[in-house]
Amino acid sequence: MWQLVSITLYGGAPGEIGGNRILLEWPEHRWLLDFGTRFGQTGRFFEEFVKPRGATLGLRDYLRMGLLPPLDGLYRSDLCAHDPAIFGRYKGHSMYRKVEHVDGVLLSHGHIDHLGCIGFLKEDIPVYTGLMTALIGKCLQDPNPTRVDGEFNYLVPRDSKESGEILEVRKGPRVQRQYYVAETDPALGAAMEQLREFWSWVPGERSSITAKPLEVRDPAKMGLRFWRVDHSIPGSGAWGIETPIGWIIYSGDLRTHGHSAYRTEKFAKEAAALKPALLIVEGTRVPALRTVGDEVLTEPIVQQACDDVVRQTKGLVIADFTARNIERLRTFRDIAKARGRRLVITTKDAYTLERMHVIDPNIPTPGDDGIAILKEPQGNTPSWEKDVCEKHETCFVQAKVFRQRQRDPQRARRVHPLSLLLGHQQPDRHGARRRDVHLLRIRGLQRGAGD
Ligand SMILES: [Zn+2]
């Protein structure tokens, strides 16, 4: 039992990249600092087409394989409706304990290794975060609304099936988790108003939702601080928590070489002024910034290296990055424009970017010059995608265009910016370029910590 303050790391350390789940508690309060997916542990047992059986077995595979810690009372009871005695089997486990009440999750940003397991948590545990991160979670869920490990925003309640061995989706509304926006900037008010209807909307012709509108909560009034920091996904933040031993600072993921470096610097100054008792800092590359030769790797260097490849490639170029990395998206949009190509994104990207643009008008939208959307043949168009199709009808590029122009897909050039810079790929000999070929953004085959 703790004396004053207890901190337990259920992921993200030691030596683990991402998968952050930190339980910070003292007699009066209990906070979770992020509750992300542990990619390393997940990858030991599962891969692209072999997933934990969450839809039918709820928590069972996740507890058994160590993907969730056996914290009795922390998770949704409907995910063990078919197996109510499940925690009884973990009483001898070194990590087993009861967790009675959690004040909330202090979520730093929208990468899966920080956000990914929030859907498993009891439905009355709220999430405190920035507006952009709250929105990203919803945009990620809407295209796949009923995946247990993707219920970042609204829960799809389950019941035990008649046989009592597996779960099934309960008929009735989705249940939205309460999100509190920890930013008090009045400029965000207009965006929140514009997004109000979207926030309470759920995809699916026959689906309804028990909505919980977004609310602003001033962290200062709760013994908390929230600072925006520079990272590869917009809206990232760091947290400060006032505890009986003094301020504890949790950085989340941060960097100082992006366009918002000033935010990280402001955070560092203001956090230092609190004279914190403890700093929990994320650090994939703390000792040194990544360099190429003597130069620190910055976005302009990435742009130059990628541009060289695009310039020297005749056919299709496949760029491997997530579109939520807005700086990288702008980089490839600009390369595409400069080389007479178009950057083609997916409908999921378009769906998310359009909403992010409401909060930050500097974020590119599908209608922007140089950006097109891939139209793939499909039978039924889901409701979230219909919206994209109707709004951006003129921006679509048919999938068959790629087939016609890139007859041998294996000859398409795949650009992974970092491996390229580290010299794993050599520029090829094609000097000529064609103005009518495209640059396709494709989601990475490997999921990673997203730096
Ligand atoms: Zn991150």
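The structure is a predicted model, in which local features need pLDDT of at least 70, side-chain atom pairs count only at pLDDT 80 or more, and totals for chains, interfaces and linings use all residues. Residues are numbered from 1 along each chain as its sequence is written. The chain has 13 helices and 26 strands; helices (H or I, at least four residues) and strands (E, at least two) are DSSP runs, numbered from the N terminus.

**Overall picture and confidence**

- Of the 451 residues in the chain, 41% count as buried. A residue is buried if 20 or more other C-beta atoms lie within 10 Å of its own, exposed if 12 or fewer, and partly exposed in between, with C-beta atoms placed from the backbone.
- Among the chain's contacts with a separation of 6 or more, 68% join residues 24 or more positions apart. Two residues are in contact if their C-beta atoms, placed from the backbone, lie within 7 Å.
- The mean pLDDT of the chain is 86, and 86% of the residues reach 70 or more; pLDDT is the predictor's confidence in each residue, from 0 to 100.
- Over residues 421-437 the pLDDT stays under 50, and the model has 26 contacts beyond four places in sequence for them. Residues 443-451 also have pLDDT below 50, with 18 contacts in the model beyond near neighbours in sequence.

**The seven-stranded sheet**

- Strands of a sheet pair through backbone hydrogen bonds, either parallel or antiparallel. Here, two strands pair if DSSP finds at least two bridges between them.
- An open sheet of seven strands has the order E1-E2-E3-E6-E7-E12-E14, with mixed pairing. E1 and strand E14 (215-216) stand at the edges with a single partner strand each, so one side of each is left without a neighbour in the sheet.
- Strand E1 (residues 6-9) runs antiparallel to strand E2 (residues 21-26), and four bridges join them. In this pair, leucine 9 stands opposite isoleucine 22 in E2.
- E2 pairs with strand E3 (residues 29-35) in the antiparallel sense over six bridges. The two strands form a hairpin with two residues between them, and leucine 23 stands opposite leucine 32 in E3.
- E3 is joined by three bridges to strand E6 (residues 104-106), and these two run parallel. Leucine 32 stands opposite valine 105 in E6.

**Other strands**

- Three strands form an open sheet in the order E8-E11-E13, also with mixed pairing. Its edge strands are E8 (154-155) and E13 (209-210), each of which pairs on one side only.
- Strand E11 (residues 174-176) pairs with E13 in the parallel sense over two bridges, and valine 175 stands opposite threonine 210 in E13.
- Strand E15 (residues 224-228) is mostly covered, with five of its five residues buried. Leu224, Phe226 and Arg228 point one way from E15, while Arg225 and Trp227 point the other way.
- E15 and strand E16 (residues 237-243) run antiparallel and are joined by five bridges. Arginine 228 stands opposite glycine 237 in E16.

**Helix packing**

- Two packed helices are described by the angle between their axes and the distance between the axes.
- Helix H6 (residues 188-199) packs with H10 at an angle of about 150°, and their axes are 8 Å apart. Axes are lines fitted to C-alpha atoms, for helices over the stretch in contact, and angles run from 0 to 180 degrees between N-to-C directions.
- H6 and H10 are therefore roughly antiparallel to each other, a term for angles over 145 degrees, whereas those under 35 count as roughly parallel, 65 to 115 as roughly perpendicular and the rest as oblique.
- Ala191, Gln194, Leu195 and Phe198 in H6 meet Arg355, Val358 and Ile359 in H10.

**Two buried residues**

- Threonine 352 lies in helix H10 (residues 347-359) and is buried, with 24 other C-beta atoms within 10 Å. Leaving aside neighbours within four places in sequence, threonine 352 is in contact with Ile136, Cys139 and Arg324.
- Leucine 71 is found in strand E4 (residues 71-72) and counts as buried because 21 C-beta neighbours lie inside 10 Å. The C-alpha atoms of leucine 71 and tyrosine 96, 25 residues apart along the chain, are separated by 5.7 Å.
- Not counting residues up to four places away in sequence, leucine 71 touches Arg97 and Val99.
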